[in-house]
Amino acid sequence: MKHIYLDHAATSPVHPEVFEAMKPYYETKFGNPSSIHHFGREARRGLDEAREYIAKSIGASFEEIIFTSGGTEADNLAIIGYSMAHKDRGRHLITTKVEHHGVLHAFEYLEKQGFEVTYTDVDENGSVSPEAIERELREDTILVSCMFGNNEVGTIQPVKEIGRVLSEHKAVFHTDAVQAFGIEEIDVNEIQADFLACSAHKVNGPKGIGFLYAKSGLIFNPLLYGGEQERKRRAGTENVAAAAGFKKAVEIALGERQDRRRIYEGYRKIILETLTQEEIPYEINGDTENYLPHILNLSFPGINVESLLMNLDLEGVAVSSGSACTAGSIDPSHVLTAMCEDESRSHSAIRFSFGYGLSEEDVKTAALKTAQVVKRLMK
Amino acid sequence: MYETTEKRPEETRVVVGMSGGVDSSVAAYLLKQQGYQVIGIFMKNWDDTDENGVCTATEDYDDVIRVCNQLDIPYYAVNFEKEYWDKVFTYFLEEYKAGRTPNPDVMCNKEIKFKAFLDHAMSLGADYVATGHYANVRRSEKGVELLRGKDDNKDQTYFLNALSQEQLQHVMFPIGDIEKPRVREIAKEAELATASKKDSTGICFIGERNFKEFLSQYLPAQKGEMQTLDGEVKRHHDGLMYYTLGQRQGLGIGGPGEPWFVVDKDLERNVLYVGQGYHHPALYSEGLVADNVNWINEEPAEGEEFRCTAKFRYRQKDEPVTIVKTGEGSRVKVVFDEPQRAITPGQAVVFYNEEVCLGGGVIDEVIKKD
């Protein structure tokens, strides 16, 4: 049976060119970038080239990029690192109800450390309003975090407007851009972001690397203590091969960005049209104007999402429900719960997400199989 | 309900209910060896997340994942917390409230494992569900018969007595004809990750916790008097629901003579009766009336009387009895050949004809010698 992967928002395959770009750093250029010899210098050059390229790709400068183990660490470093370093200036933080757990759970940790956190509501499309954030700002607010694009429903947040609101307040602005990176055009100056977090494995790079953009001059505590890597902001020997792979992945993503967007729009249309033709009732979750084109979240009224996912898997179609469920916990997705009160809608939602290696034919097959399974379960 | 067809193993999809224990691991392993299309599913029926966020279900599911990956079969987890609460736990509390000692495992098999889970498996295109129960099924012209497991010590038909034909039609018990020590051996030989895992004990949702403490979270306890049958007040009890007939532990009555036992309960007056000696006459009865009786194959006609054996508790040896179908719905009268000790309302009474489990019911009344 052919397996069709429609879960690129969870993680994505490493692009063959990325794999090639990484190889030398495992074979011949394996040195430690901190070493003073030839091997060290070769590794350091690879690391610096990656940092330089990635910095430019978002309008940042070289020293503003800190490589981390991934998106979660980057989010934690910004949120926890900054808040703890500035707790004497204020104990109030603002975020939204639809953030990734890498952000939400960092805030929950800070609440235990004595911070007060405001979780801003979203509308039925999952959008945060900049006015709502403005209303919540206080004298003692030191950090605001709002994601760029939502990983579950694809809604793009008005980050530029939020950046503008915050430009007149002392609070710094952090945005989790993990899901939007490589798909949307991102310029940290335009957003007026102070921190921005990204990950490689969502854009056909390797797992185990991400970065935090931290605007020059910002002071924050590290999460890891040890050597002087990343200008003492992130100790530990750098993952040079992964950084080189990350660079290549960004190169490819930037080069193909417009084509990919067009292709994903096409896939989206195939799924929706197929379901309509097959007379399958569905509802789209998320904003239908400002959305990440590679994410399509649909609810099938009356269908049990557990059965649906398992049946699709057995048919060779890999999709996911809002949030990964462990050991059968059915906490409905916090994102869908924040968007609508109708619990049945969040209990019947699945996410299709597109990426490298898919074909129109695959998407069509997957849509037909989805229709088939939904029909069977509707009985 | 669902169609069953004779198919070759390779074409037969079997969903195995996997708990993360050795029995269900071996059940899945044997089916896979026999060439079936096997899918492992972990059921989460109870949320036992503690104050540190630790949940044993997560660890058990991790074991299911390890075994399924060893067997190269797909695995999933399903959640029946709501169904379990509504159908099993509510019943469990109601029975305790009524002063009885319920058996939640019988209800769990009837309503969850062989209903909610079976339905779910069928929605995945399964032909059968399999579990790691020590029991067997025999498909004959009479329909499906439920037979005792080969390991007499482990036989679990007692808990399966409430299953219907429709349910049993889709059931496989791959380890029913194997003895427990051999099951462990098979797990070791196959190097299954759960080969040396300790067997779980007690009622699943209570686990190793203190039963009294657990129950007190859900039901208000009313203290009362502990009396002898002559009305002498010995001590106070903590609430009738905490005691079961024939119980010795936890009474706290000292003094000379034989140890004290719970011999009766008076729910209306909230009195716990105690008596001295394991064989206290008040603990003995001549028969019982069972309610909600399920007959797996043939249902006896009204007024019919017949001989068989019965178990009143799990792991007790069979006792010869005469069954009288009284004609009041699903009630039967069970007359013992020999007086029986500590027959407990709420527990299951299960009937057997040699190896065949005929069915069973819930003990409703105890018939004592006048």
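Into which domains is chain B divided? Let's begin there, and hello, everyone. Chain B splits into domain 1, covering 9-189, domain 2, covering 221-278, and domain 3, covering 282-367. Please keep in mind throughout that this is a predicted model.

Let me stay with those domains for a moment. If you take the centres over C-alpha atoms, domain 1 of chain B and domain 2 of chain B are 38 Å apart. As for the whole chain, the C-alpha trace of chain B spans about 70 × 55 × 35 Å along its principal axes. A compact globule of 370 residues would have a radius of gyration near 21 Å, and chain B comes out at 22 Å, so the two agree.

What is chain B built from? You'll find 8 helices and 17 strands in it. Of its 370 residues, 41% count as buried. And if we look at contacts in chain B between residues at least 6 apart in sequence, 64% of them join residues at least 24 apart.

Now over to chain A, and to the nonpolar cores. The largest nonpolar core has 110 residues, and the members that touch the most others are Leu212(A) and Tyr213(A). Helix 9 of chain A, residues 240-277, gives the most to this core, with 13 residues.

Let's zoom in on Leu212(A). Setting aside neighbours within four places in sequence, Leu212(A) is in contact with Ile66(A), Thr68(A), Ala74(A), Leu77(A), Ala78(A), Phe195(A) and Ala197(A).

My last stop is Val188(A), in helix 8 of chain A, residues 188-191. Is Val188(A) buried or exposed? It has 22 C-beta neighbours inside 10 Å, and the cut-off for buried is 20 or more, so Val188(A) counts as buried.

Who are its partners? Again leaving out neighbours within four places in sequence, Val188(A) is in contact with Ile58(A), Gly59(A), Ala60(A), Ala193(A), Leu196(A) and Tyr213(A).

Methods. Residues are numbered from 1 along each chain as its sequence is written. Chains are lettered from A and ligands numbered from 1 in the order in which they are written. This is a predicted model: local features need pLDDT of at least 70, side-chain atom pairs count only at pLDDT 80 or more; totals for chains, interfaces and linings use all residues. A nonpolar core is a set of buried Ala, Val, Leu, Ile, Met, Phe, Trp, Tyr and Cys residues joined through C-beta atoms within 7 Å. A residue is buried if 20 or more other C-beta atoms lie within 10 Å of its own, exposed if 12 or fewer, and partly exposed in between; C-beta atoms are placed from the backbone. Helices (H or I, at least four residues) and strands (E, at least two) are DSSP runs, numbered from the N terminus. Two residues are in contact if their C-beta atoms, placed from the backbone, lie within 7 Å. The radius of gyration is taken over C-alpha atoms; the globule rule is 2.2 Å times the number of residues to the power 0.38. Domain bounds come from an automatic or database domain assignment.
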